[in-house]
Amino acid sequence: MREKIEQLMKKIEEFNAGTPQHLEEFRIRILGKKGELTEMFDEFKNVAAEQKREIGKLLNEVKITVQEKLKSQKELFDNVETGKNIADKTLPANADSLGSRHPISLAKNEILEIFTRLGFTVADGPEIEDDWHVFSALNFPPNHPARDMQDTFFIEQNPDILLRTHTSSIQVRTMEKQKPPIRVVCPGRVFRNEAISARAHCIFHQVEGLYIDKNVSFADMKQTLLYFAREMFGENTEIRLRPSFFPFTEPSAEMDVSCKICGGKGCNICKYTGWLEVLGCGIVDPNVLESCGIDSKEYTGFAFGMGVERLAMLKWQVKDLRLYFENDVRFLEQFQSAI
Ligand code: PHE
């Protein structure tokens, strides 16, 4: 009997269940009504009195061992099921599912890529700025209503520290530390205290650009922006410049592109005008150059700035800008790209 018990013990110790069913079969085989251990307990009645103590002890040990085995093996399966702790290292690993880039990143990358092809480099700067880099250096006079054009978020009641309202601040930083020729594009998040709607948001993205050298003209700007528009919206795209106002450029303009939905004939996307407004631009005001330590008699330049959400809306005909901020995968999954 002792030998039989020891054999059973060995069997239990070595047992490893491949599946939950396998484990259950094992339990029945050992502890079931006709199970091996159950039968041994029955036989125990016939054991000679002087052996009862020793055999009883052995049987109890086997019982504890088998219960522990059943418990630990069951836990393994439970954990695999809930994914808590995958203790079975032989299971195949879950492949990570690949995400897709956010459409705003796709649009921004495309814009940057077009300008880097023209020799522009990408510059970066802080989102928390000071008055000088966002307004004063850009020729916004104190208390000038132009500051209201860009409802600003200030920090801690200190009017000198604010969230940048445009990435023109990066252009100022670039001019302060770099001598012309300068050719930079400045992508980044900007903040304006505006009510959120289908067409506006208090946080959005811009790409602004700056080109400063000797003899840079309005015609250079026009040609650069025409190239950009055709790369971005298709080769038949036309542009038109309308006079506008920005404190940091003179003359200033707003650029429209021909509506690619209707080919300029007029539709509800372009509000039956045939044109879509895409960016602001102009010749850098001499005051701005001087503020940044650049001789305005020697150098001239042009600047432009665009909203990435707006361009992305036009490019993919998205009618509500809020979709870009809601992280709804049903929307985001529609934008697959290699870049
Ligand atoms: N900074 C302007 C804006 O945020 C855009 C702009 C940049 C216009 C450069 C002209 C020249 O609206």
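The model is predicted: local features need pLDDT of at least 70, side-chain atom pairs count only at pLDDT 80 or more, and totals for chains, interfaces and linings use all residues. Residues are numbered from 1 along each chain as its sequence is written, and side-chain values use heavy atoms, with hydrogens and water left out.

The side chain of glutamine 206 places an N or O atom 2.8 Å from an oxygen atom of the ligand. For arginine 192, a polar side-chain atom lies 2.8 Å from a ligand oxygen atom. Histidine 166 has a side-chain N or O atom 3.0 Å from a nitrogen atom of the ligand.

## Cover and shell

On its own, the ligand has 320 Å² of accessible area (Shrake-Rupley method, 1.4 Å probe). The protein covers 92% of that area. Strands here are DSSP runs (E, at least two residues), numbered from the N terminus. β10 gives the most, with three residues.

In total, 14 residues surround the ligand (a heavy atom within 4 Å). The closest are His166, Ser168, Arg192, Gln206 and Glu208. The shell divides into five nonpolar, seven polar and two charged residues.

## Domains

The domain assignment, automatic or from a database, gives domain 1 (2-82) and domain 2 (103-338). Their C-alpha centres lie 76 Å apart.

Methods:
A polar contact is a pair of N or O atoms within 3.5 Å; within protein, one must be able to donate a hydrogen and the other to accept it, and residues adjacent in sequence count only if both atoms are side-chain atoms. Helices (H or I, at least four residues) and strands (E, at least two) are DSSP runs, numbered from the N terminus. Ala, Val, Leu, Ile, Met, Phe, Trp, Tyr, Cys and Pro count as nonpolar, Asp, Glu, Lys and Arg as charged, and the others, Gly among them, as polar.
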